Amino acid sequence: MCGITGIYSIRNISNLEERIQKMNSSIKHRGPDAGGEYIDNNLALGHRRLSIIDTREVSNQPMHSNSNLWHLVFNGEIYNFEEIKAQLNYNFKTTSDTEVILAALEEKGIDWFINQANGMFAIALYNSETKALFLVRDRLGIKPLYFYNDGENFIFASEIKAILSSGLVDAEFNEEAVDEYLANRYIRAPYTFFKNIIQVNPGTYLSVNKDLSTVENKYWDIPDAFNISTEYNEEEILNGLDEELNKAIKYRLIADVPLGTYLSGGVDSSLITAITALNKKEKVNTYTIGFEEMNEFEYSEVIAGKYQTEHHEILMKKEDYMSNWERLINFKDAPLGVPNEIPLAVMSSKLKEKITVVLSGEGADELMGGYGRIFRAPFDYANEDTKESFYDYFIAKYDYVPRSMRDQLINTPKSYRDKFDKEIKADFRKNTNEESIFRFFHKYHVKGLLQRVDMTTMQTSVEARVPFLDHNLIEFSYNKIPYDLKLRWINDEAESQARSMNSNQYSETLDTPKYLLRKLSYKYLPKEIIERKKIGFPVPLTEWFDNLESLANELLPNANWLKEGVVNDLIKKSKTESRAGQILWMFINIELFKRNYFNKQWKW
């Protein structure tokens with residue numbers, strides 16, 4: 001895992017080497033082990049390395065092909081690099097996955113390599129003969145990649161702060177992102193909170209010509225198929241899921257440095273821990289964090305005991321939470337999206353003392369319908385007398401800060417809302433309501449989780465790996481696992497009984513979200529872990545409401561993205577919402593972020 005940077009210009013730039021070095025320095029936390037640059041006239045590539053595979057200096061980057069035509073900087077891991085390597089006839093100088101990318105480019109081309117690769121990656125490739133630059137982002141967007149292009153300078157990096165550190169770009173606040181963030185807790189690709197700085201879309205690669213014109217090439221999408229079969233062999237599918245999940249986890253155990261897992265005590269992290277422990281000779285380091293007011297230590301201790309892990313419990317206080325908040329915004333280059341980003345970051349700092357790679361459970365709920373109350377929206381919709389479209393019905397449940405509340409309080413444009421509404425409504429019309437939700441969560445929701453896990457780990461030089469987002473596992477789930485094995489009624493009467501209720505009342509009582517994954521879990525986990533209700537990662541914000549109210553009164557009265565005189569109303573409304581603490585927390589986040597990035601001069 002690493003950080004990458006680059007500048008490509010149509011003219012000669014003064015201080016090009018100094019600029020790329022400053023960009024590298026700004027993201028040293030992503031790669032403290034080594035740094036380097038490659039410069040070819042008006043192009044510069046930069047790299048910061050966190051050594052994971054082949055930790056020798058010979059594998060440092062930028063790396064160059066044997067022909068010296070291809071030059072590469074790479075953030076991520078290619079888990080199946082050994083299988084790709086076996087198909088190539090190349091004189092390898094290292095045992096790294098990085099050199100396999102170059103070898104594949106030389107012998108088979110970029111499209112062949114990308115379609116073969118299983119991994120998480122943000123890659124910049126430059127051909128010094130054709131002067132073509134390529135930016136490649138992995139299928140799900142696990143690794144971040146941003147760029148700025150004004151027609152004269154094309155600047156890219158793993159983090160936005162590196163683009164700003166080039167000295168060639170002004171930081172301009174993107175007002176259109178305010179409504180988007182409050183709805184989703186993150187900004188959907190390709191947009192960001194900065195005008196003119198955008199994301200490379202997941203599952204695509206960008207071709208950049210020497211005149212800086214660009215072409216987006218899409219190489220992967222969520223599978224077209226969605227299995228709704230009612231006739232199937234459950235045991236056969238269960239065995240297939242077991243095989244695919246084991247394969248995904250085993251790939252993510254490949255490392256030349258110490259490795260561990262997050263262990264919250266929920267099904268997803270416990271399953272990853274169990275399979276990891278069964279495949280590692282040495283004891284697995286496991287980590288959990290909680291607060292005095294609320295924690296799940298008792299459940300993580302059950303799994304730690306069963307698999308004899310080296311378990312670490314971290315107790316976090318309100319003071320620790322508040323003191324880390326603004327610091328982490330400066331790592332993320334955006335408002336924090338969910339309150340548990342702060343404890344996750346603190347836990348990552350602790351685990352860095354012993355390990356460099358951690359496996360995390362993001363993606364399991366999206367894979368198997370784990371958010372029962374919202375994944376059951378199609379069933380509720382069919383039982384309610386409503387004339388609104390299913391999309392409108394669903395999005396009212398999904399939006400974090402309700403639309404009516406945003407409209408009353410903020411004065412920024414709603415153009416992203418309109419654009420995505422139109423785009424997603426059209427997608428929803430193409431599929432069944434059940435399928436539309438799964439696609440929505442994989443296309444949009446999971447991206448916010450990935451931004452969270454990248455920032456919280458990379459700020460302390462730790463690599464997080466997410467086996468539930470292995471693209472082969474996702475394809476297996478869409479193609480082979482029927483909908484009925486994802487969300488299953490406990491019996492025939494339950495479905496009938498639920499028709500007179502809503503999902504808040506019956507989810508996890510009359511049905512079993514993630515049914516097949518839970519069934520698989522009985523092979524690995526104690527019953528008490530599998531059958532407890534989903535909790536998530538609790539942070540006691542509502543209990544800390546007085547602190548938030550004080551911060552809001554300090555920061556928000558002069559926030560120009562809020563309507564005049566609404567701060568007291570916001571505080572009052574937040575107290576009546578079920579998510580009281582978090583809604584106010586999000587509004588404060590915007591202003592903390594804004595004051596850290598847009599009150600200084602970046603250009604030089």
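**Exercise 1.** Work out how far helix α8 is enclosed by the rest of the structure.

*Solution.* Start with the ends: α8 covers residues 267-279, 13 residues in all. (Helices are DSSP runs of H or I, at least four residues, and strands are runs of E, at least two, numbered from the N terminus.) Next, check burial, where buried means under 20% relative accessible area, exposed over 50%, and partly exposed in between, with a 1.4 Å probe and protein chains only. In α8, 11 of the 13 residues are buried, so the helix is largely enclosed. Among them are Val267, Leu271 and Ile275.

A quick word on the model: it is predicted, so local features need pLDDT of at least 70 and side-chain atom pairs 80 or more, while totals for chains, interfaces and linings use all residues. Residues are numbered from 1 along each chain as its sequence is written, and side-chain values use heavy atoms, leaving out hydrogens and water.

**Exercise 2.** Find which residue pairs with Asp454 in a salt bridge, and say where the two sit.

*Solution.* A salt bridge needs a side-chain nitrogen of Lys or Arg within 4 Å of a carboxyl oxygen of Asp or Glu. Asp454's partner is Arg30, with the closest N and O atoms 3.0 Å apart. Now place them: Asp454 is in helix α18, Arg30 is in the loop between α1 and β2, and 424 residues separate them. Finally, check accessibility: Asp454 is buried at 7%, and Arg30 is buried at 0%.

**Exercise 3.** Explain how Glu435 and Arg439 are placed in helix α18.

*Solution.* They're 4 residues apart, so about one helical turn separates them. Their side chains meet in a salt bridge at 2.8 Å, N to O. Both residues are buried.

Note on methods:
Expected span 1.5 Å × (residues − 1).
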